[in-house]
Amino acid sequence: MLLESLQALLPELNTAVLQTIYMVAVALVSAIIIGLPLGVLLFVTDEGLFLRNKVVNHVTGWLVNLVRSIPYIILLVALLPLTKLIAGSTIGPTAASVSLSVAAIPFFARLVETSLREIDKGVIESAVAVGASPWMIIKDILVPEAKPGIVQGLTITTISLIGYSAMAGIIGGGGIGDLAIRFGYYRYDNTIMITTVIVLVVLVQIIQIGGDKISRVVDKR
Amino acid sequence: MIEVNSLVKIYSSKAKEVIGVNDVSLQIKEGEIYGIIGYSGAGKSSLIRCLNLLEKPTSGEVKIDGVDLTTLNEKALRKARQKIGMIFQHFYLASAKTVYENIAFALKAAGKTPKEIDVRVKELLELVGLSDKSSQYPAQLSGGQKQRVGIARALANNPKVLLCDEATSALDPSTTKSILNLLKTINRKLGLTIVLITHEMEVVKEICHRLAVMQDGKIIEEGLVYDIFANPIQPLTKDFIASVLQFELPQQLIENRKGTIIKIQFKGAIAEESVVSDLFQQFNVKGNILHGKIEYIQDVPLGIFIMELTGEDKEVERAIAYIEERTQNLEVVEHVA
Ligand SMILES: Nc1ncnc2c1ncn2[C@@H]1O[C@H](COP(=O)(O)OP(=O)(O)OP(=O)(O)O)[C@@H](O)[C@H]1O
Ligand SMILES: [Mg+2]
């Protein structure tokens, strides 16, 4: 009986997993494209660094904190008008990826900033002393030196996003969370509930192990 | 080559102001190895970091090759920095880059093509003796090897000046020696002007032509290394010299002597003359050497001897006068009349 209900569930589960991966991937790409430069900006404009700029640093920092201080579930609802504007709809995985991106960008930016802080100031200074331009220092020194930390940040962001994406399921965002809510919560179907939990646990483990591995490989310290 | 005029560096934070460099002026000639020595907090790093504007001077001029760096815009300053190499106590190599890539970065910063970079990096690896370590990461190198990479990186764009901030302080004595030898070779081969900060007189003695002694942000004594060794004036300078030329006799030894204890210093050519044997031939005194040492500073001998002279008071006095005349440098440590 258990096997039977699982079998019936398989196509649904398959779609749900793919939807989750899709939402998380879109948000991750946004985090890399926008969050990474934002994190670098937070770092290089700080006191004592080669592009120090109080105004830019404070405004960026304030914005990042603002978004980060809003619980995701509230952000999700608050962003519905924006979601409608960008995705054309407020339900489905594409719609969910809008708010997921908005949450992921500042989250990842802070993680990038933190890993940049771990670089020895002297290494940055030696690049300044050699006459390198700010862009070269960012591209050739900062990002490669912080790579292990950035990869770890990416892992943490991905895992958090999987959690958030399940919340997006509450308002019909699709994905594993949606599946769990529709079947597990509204229909009291324990099989589905447990299956989705297992799928999530496995997914998170794979990402964590993979992330750690990559981080170790790029770490030359 | 380097001219610093009335340089002041004040670090100001909300709480207070700290003076790093307090009105320093100096001139360093082309091809010279110029040492700056001082205890921790004297302002040595502050001073050397002002020479490539890693630290922005509060006031004063820093002229390298006739150009006042403080007047340059960002872009011109970057160009100027490519001609001022710098090496550091803790090397500061990029850990994610191989030896090759670390050196290549400096060339890339100067806008060289990949082909030019490849040729130059190989040349530099040869120069510092690391051709076989090209594809290693800094974590796989010893301290001495890391500093060699630092030197190669600093020399990449054929600078006219090399700044060394405690470049050997993290290294053991024998590695220190090999790095100093490398710096000496570079200085001679390339005619590079070197500014070298240290707190070890040993290093100064080994390599520097001229020396400045720093205390509380000021240069308190400056001159040719030999002259400073032979004739230190400031107490701090004497302290540093004593770290290399230690001549403390045990008090008990001095007390048990019957004669006159004198300290003679022979400078330069005099050190090779037979002053002492002349002395014993001409005067009826006996001599007993208690301590003696000849140091070679930049290959010029500096001899210091502590002797006990015994004999008739009159004769001893005449002997002392004789040495004084020959050497111009004699100190009577203890006179037992
Ligand atoms: N970035 C900074 N901010 C504030 N004060 C500083 C800074 N750098 C140096 N100082 C202060 O300036 C003074 C001179 O420091 P500096 O580092 O130049 O000394 P140093 O001679 O190089 O010492 P050390 O041998 O320990 O390296 C010290 O009092 C130090 O505390
Ligand atoms: Mg210092």
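Predicted model: local features only at pLDDT ≥ 70, side-chain atom pairs only at ≥ 80, totals over all residues.
**View 1. Helices H7(A) and H9(A) pack against each other in chain A.** H7(A) spans residues 134-168, and H9(A) spans residues 190-218. Their axes lie 8 Å apart, at an angle of about 170 degrees. Angles over 145 degrees count as roughly antiparallel, so this pair is roughly antiparallel. On the H7(A) side, the contact includes Lys147(A), Pro148(A), Val151(A) and Ile162(A). H9(A) contributes residues including Leu200(A), Val204(A), Gly211(A) and Val218(A). By class, the residues of this contact are 10 nonpolar, six polar and one charged.

**View 2. Four strands of chain B form an open sheet.** The strand order is S2-S1-S4-S5, with antiparallel pairing. S2 (17-28) and S5 (67-68) of chain B stand at the edges. Each has a single partner strand, so one side of each has no neighbour in the sheet. S5(B) pairs with S4(B), residues 59-64, over two bridges in the antiparallel sense. Here Lys63(B) stands opposite Asp68(B) of S5(B).

**View 3. Helices H5(B) and H6(B) cross in chain B.** H5(B) covers residues 143-155, and H6(B) covers residues 173-190. Their axes come within 10 Å and cross at roughly 20 degrees. Angles under 35 degrees count as roughly parallel, so H5(B) is roughly parallel to H6(B). The crossing is right-handed. Gly144(B), Gln147(B), Arg148(B), Ile151(B) and Leu155(B) are the H5(B) residues that meet H6(B). Among their counterparts in H6(B) are Thr175(B), Ile179(B), Leu182(B) and Ile186(B). The contact has six nonpolar, four polar and one charged residues.

Conventions:
Residues numbered from 1 in each chain as written. Chains lettered and ligands numbered in written order. Heavy atoms only, no water. Axes fitted to C-alpha atoms, helices over the stretch in contact; angles between N-to-C directions. Parallel < 35°, antiparallel > 145°, perpendicular 65-115°, else oblique. Contact = heavy atoms within 4.5 Å. Nonpolar A, V, L, I, M, F, W, Y, C, P; charged D, E, K, R; others polar. Pairing = 2+ DSSP bridges. Left-handed = near helix turned anticlockwise from the far one by under 90°.
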